[in-house]
Amino acid sequence: MVRPTQLLHPARTPAAVRPAATVLLLRDGADGVEVLMTRRSMTASFAPGAYVFPGGGIDAADAQAHGQSTRRATQSDLHLTQAIAAIRESFEELGILLARRADGSHLGTADIARLDRKAPFAEQCASQDLTLSGAEVFVLAHWITDRDLPRRFDVPFLVARMPEGQEPVADESEQFEPVWVRPADALARHAAGQFFIIFPTIRTLERLQAYPSVQAVLEACAVNDEPLFTSCPRAGLMNGHESRHMEHEQPFGELAMVCPGGQIVHELAWQTERPVPLLKNVQRLTAPNPGFMTGPGTNSYVVGDPSTGHTVIDPGPDDAGHIERLWRAAGGDIRAIVCTHSHPDHSPGAVRLQALCVAADLGKPPILGLPSAPTSRENSRFTPERSLADGERLVLVGADGDRLSNHTLQVVHTPGHAANHLCLLLEEDGLLFSGDHILNGSTTVIDPPDGHMGDYLDSLDKLDRLCAQHGVDFILPAHGYVLGDLAQTPDNPSAPEHGGARAAIAHLKAHRLAREAKVARAMQARPEGTVDDWVKLAYDDVPERLWPVAKRSMQAHVERIQSLGGFNA
C-alpha cells in the first residue's frame, strides 16, 4: 500500500452512498431493442436535464412488500427489494405499472390513470388485487456513483420488458418527455450534443446495444442472477477536460493510485516534454518514441526525493532531449541507473545519462541490470557495469536516517520477454515496476530464442507470490498507464477477492493460456500446417496487419506446447 506521506493528493472520505434503483424498460422495435428514457427536471439536484431511466431511492416499504410480489428462486432479498423500488418509481414517474391482475393481465393506460401516483404504493396495489412483477425484473448492472460527486448512490440498473397496453405518461415534476430510443441512436444523439446523458447511462447503453432482442437481454441477466458488471468509476483530465473511466479501462489504475480520494486533477494526455508526478517519490517521463511496438512511448521512472537522491529505471533510447529531461527531473542527483532489460527502447540512454551526471560533477551513478544473453538480437546487446542479483535491494536512504523515509527497490529476475529481464519492487509503497513483462493496453511479445513462454509464465507466478507477500496494489509498466485493479471495498463489495496487482497478473496469465489453447487447437486442426497457417486460426480475433508480430509470440507458444508433450509437427 502506498505510504500516505507519498501521496500527491491525499485520500479523503467520499460522500456516503444512498441505496437507489433504476430500471430500463425495453421493447422490441422494428430495428432492434428500444429503451424508454425521460428527461430529468432542470432543477433536479442530481444530473439536471439529463435523459435517464426511471428510478429513485429505495424506501423501507419496498423491503416490506416482498409478500405482494412474484419472485424467482435465485432472486435474493436485496434484488427483490430493488425490483420493487424500481416498479414503484416507474409507476410514480411514468405511470408504468409492472404488476398483474389475478388472471395474469396488465392494467391498461386508462386504468392506471385512475390510480393515485402519490398514494402509498403497496397498499394501493393490494386494494386493486395486483401482484407486483418482481420476478420479471432482472439486474443488468451495478453502479456506484463516482467518488468526486457530493451526492452518491449505490444503484442497480435493472431491466424489464415493457407491459403491453401501457404508454408512458411523465409526472411533469421529476420526469419529462418520455421517449423510446434505440441505444445506438441515443449514443449518436448524445455525441452530437442533442441528447444529454451521464457516464453510467452511456456505458450501460453501449453494453445494451450488443443485444439483438429483449429476450436476449433478459436471458443474459438470468444466467447468474447477478449484475453483468459492477463499476465505481474514476475521473481525471484529458487535455484539461473531465474524463471518466471504468475499472477495465486503461487509465483507471493510475487514477486510483494518484488520486485515491477521487480528486479530478490528474492529466491523462500523453506528453514527453515534462515528467508526470505520480507520487511524491515517483515521476514518469515518457520518451518521444511512440509507435506500434511502444504505444505512447517508453516510460522512464525517477524514484526518490531530494533528501535521498534518485534511481532512474529504464532511461530509454539514446535521445538527447529525453535524457536531459530525465536528469533535470532528478535534480541531477542520480544514485543509480537500472535497465529492466536490454531492448533498444530501454537501455541505450543509460550511458548518456551517466555522462551528464559526471559532467556536472555530481558523481558517476552505476549502470545496473543483467547482461544480454547470447540469444539476444544484435540491437539488444547490453552489458551493465554491475549485474544485479535476484532478490537484491537497492536502498535510497533518507537524510534523517529514518527507515520509514527510505525507498527500497527489490530486484526480481523475470525472464520471458527477454532472458535478462528484471522487475523492481518498491517495497515501502507496494509498487511493481514491470518493464515489458506486464504492459497496460497490450500483451508483450515473447520472441524466441531470447523470449521464452514457459519462463514468462513462471515469472508471472513469481510476481504473483511477491505481490501477495508485499500487498502490491499497482503495477508501473514501461508502456502505458499505471495498472491497478479494484479490490474489495465498501464501495464495491463484489469486486474480486484478490484485487490490486494480483488481479492484473491473474487476468494476464488467463489470457496467455487461453491464447495457447487456441494455438493448440489450430495445430490439431492443421497438423501439416505452418506457423503462417496456424496464426490465421489462433489469432482470428486479431487484425491481420498484426499477424507478423503475433507469429513471434505464437512460435513461443508452439515451443511450449511441444515441450509439454503436446502436438509435434
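Is F157 buried or exposed? F157 is buried, with a relative accessible area of 7%; buried denotes under 20%, exposed over 50% and partly exposed the range in between, for a 1.4 Å probe and protein chains only.

## Basis of the model

The model is predicted: local features require pLDDT of at least 70, side-chain atom pairs count only at pLDDT 80 or more, and totals for chains, interfaces and linings use all residues. Residues are numbered from 1 along each chain as its sequence is written, and side-chain values use heavy atoms, with hydrogens and water left out.

## Aromatic pairs

Eight aromatic pairs are found in a search of the whole structure. Rings of Phe, Tyr and Trp (its six-membered ring) pair if their centres lie within 6.5 Å; planes under 30 degrees apart are stacked, over 60 edge-to-face and the rest tilted.

Y51 and F195 form a stacked pair, because their ring centres are 4.1 Å apart and their planes lie at 20°. Y51 belongs to strand β3 (residues 51–52) and F195 to the loop between α5 (183–191) and α6 (199–208), 144 residues apart. Both Y51 and F195 are buried.

The pair of F53 and F157 is edge-to-face, because the centres are 6.0 Å apart and the planes at 85°. F53 is buried, with a relative accessible area of 4%.

## Cluster and charges over rings

Ring pairs join F53, W143, F157, F199 and F229 into a cluster.

A charge sits over a ring if NZ of Lys or CZ of Arg is within 6 Å of the ring centre and within 35 degrees of the ring normal. R207 lies over the face of F229, at 4.2 Å from the ring centre, and R512 lies over the face of Y456, at 5.1 Å.

Key: Helices (H or I, at least four residues) and strands (E, at least two) are DSSP runs, numbered from the N terminus.
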